[in-house]
Amino acid sequence: MDTINTWKEKIMRSIRYVAACAAAALILAGCSSTASSSRSSDTATSASGAQEVVTLKVGASPSPHAKILQYIQDHLAAEAGLKLDIVEYTDYVQPNVALNQGELDANFYQTVPYLNDQTKEYGYDFVPGKGVHLEPLAVYSEKVKNLKDFPEGGKIGIIADVTNQARALKLLADQGFVKISDPKADSSDININTVEKLKKFEFVEVEGAQLVRSLADVDIAVINGNFAQEGGLSPHGDGLAIESTEGNDSANLLVWKKNPNKADAIAKLEKLLHSDSVRTYIESTWKDGSVIPTF
């Protein structure tokens, strides 16, 4: 009798073991099916054409550069698979330093002549894009309403950095304040120490971002378009003289390091900067001519 009971117990244990194995097999099959379904779903998403969004960190002057980039971020970037992380700078030195150190993927604030001078001085290995816009610099004043009223022995505020100083001096030459021996010389060779004064006055060198604030301390100042805008000034509305845009090589452009890690994304941004949408945005936003598309 005990033997019969022992056999019965063995049979029942075998049945329970087989049942447990069957259940485990069903659970594993379900998990495998779910995983397979998940993989199929991922593949379908990829096959559907959804593109990876690439973030570009771009340094820019607040106006108009950062505003143009923000327009692209708000209206054009997503469709191109881009996200712009815009970092604003109020000076002309740090954006190139940050780009060179890998803190930025690109910057948007400078001209080819300025880039060339910076490259000569610091050995940057950067690539410039095509010109996007020109911001005409102009002569402004809080003290005189016409350059004919400029007082003898007066003060002229002028930007301190070499490239933009040469550009400002060319405008002053057009207005009869100085004479440049060789207007086609490199900008590094055209500065307040190499020009001939045709009137009696004193130059006051000022950092670009401070030029508008310096107007109270000088009789006139030559101010770059972006700094003038930030100070609420317009070349056509407030300027006493404006630089010519014809044949002007001072168009602002996108700049990036040679052989960048995000080359495709940078190429997309470069294309968007020269799109019809951006041209229309510039023309409709700066109707006073303080920012002019160059493409």
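What covers the buried residues of α8? The legends below take up this helix and several other sites in a predicted model.

**View 1. Helix α8 and its cover.** The cover over the buried residues of α8 includes β1, α2, β2 (82-88), β3 (106-111), β13 (252-257) and α9 (276-285). Helix α8 itself spans residues 263-273. Its buried residues are A265, I266, L269, E270, L272 and L273. Looking down the axis of α8, these buried residues fall within an arc of 160°, so they line one face of the helix. Now turn to the face pointing away from that buried side. There sit the exposed residues D264 and K271.

**View 2. The loop residue N259.** Find N259 in the loop between β13 and α8. Its phi is positive, about 55°, although N259 is not a glycine. Is N259 buried or exposed? The relative accessibility of N259 is 67%. Exposed means over 50%, so N259 counts as exposed.

**View 3. Strand β1 and its partners.** Start with β1 and β2. These two strands run parallel, joined by 7 bridges. Look for K57, which stands opposite D85 in β2. Together, β1, α2 and β2 make a right-handed β-α-β unit. Strand β1 also pairs with β3, again in the parallel sense, over 3 bridges. Here G59 stands opposite N107 in β3.

**View 4. S61, between strand and helix.** S61 lies in the loop between β1 (54-60) and α2 (62-75). Is this residue, S61, buried or exposed? Its relative accessibility is 3%. Buried means under 20%, so S61 counts as buried. Which residues does S61 contact, leaving aside its neighbours within four places in sequence? They are A66, Y89, Y92, F108, Y109 and N226.

**View 5. A cis peptide bond at P64.** S63 and P64 are joined by a cis peptide bond. The omega angle is about 0°. P64 has its place in helix α2.

**View 6. Helix α5 from end to end.** Helix α5 runs over residues 162-174, which makes 13 residues. How far apart are its end C-alpha atoms? They are 19 Å apart. At 1.5 Å a residue, the helix should span 18 Å, so the two values agree. The N-terminal end of α5 is capped by D161. One of the side-chain oxygens of D161 lies 3.3 Å from the backbone nitrogen of T163. T163 is also one of the buried residues of α5. After α5 comes G176, with a positive phi near 85°.

**View 7. A mixed sheet of 5 strands.** In what order do the 5 strands of this open sheet lie? The order is β10-β7-β11-β6-β12, and the pairing is mixed. At the edges are β10 (201-206) and β12 (241-242), each of which pairs on one side only. Next, look at β6 (residues 138-140) and β11 (residues 220-223). These strands run antiparallel and are joined by 3 bridges. Y140 stands opposite A221 in β11.

Technical notes: Residues numbered from 1 in each chain as written. Predicted model: local features only at pLDDT ≥ 70, side-chain atom pairs only at ≥ 80, totals over all residues. Heavy atoms only, no water. Helix = DSSP H or I, 4+ residues; strand = E, 2+ residues; numbered from the N terminus. Buried < 20%, exposed > 50% of the residue type's maximum accessible area, 1.4 Å probe, protein only. Contact = heavy atoms within 4.5 Å. Expected span 1.5 Å × (residues − 1). Polar contact = N/O pair within 3.5 Å; in protein donor to acceptor, adjacent residues only side chain to side chain. Arc of directions from axis to C-beta. Pairing = 2+ DSSP bridges. Right-handed = clockwise from strand over helix to strand, strands pointing away.
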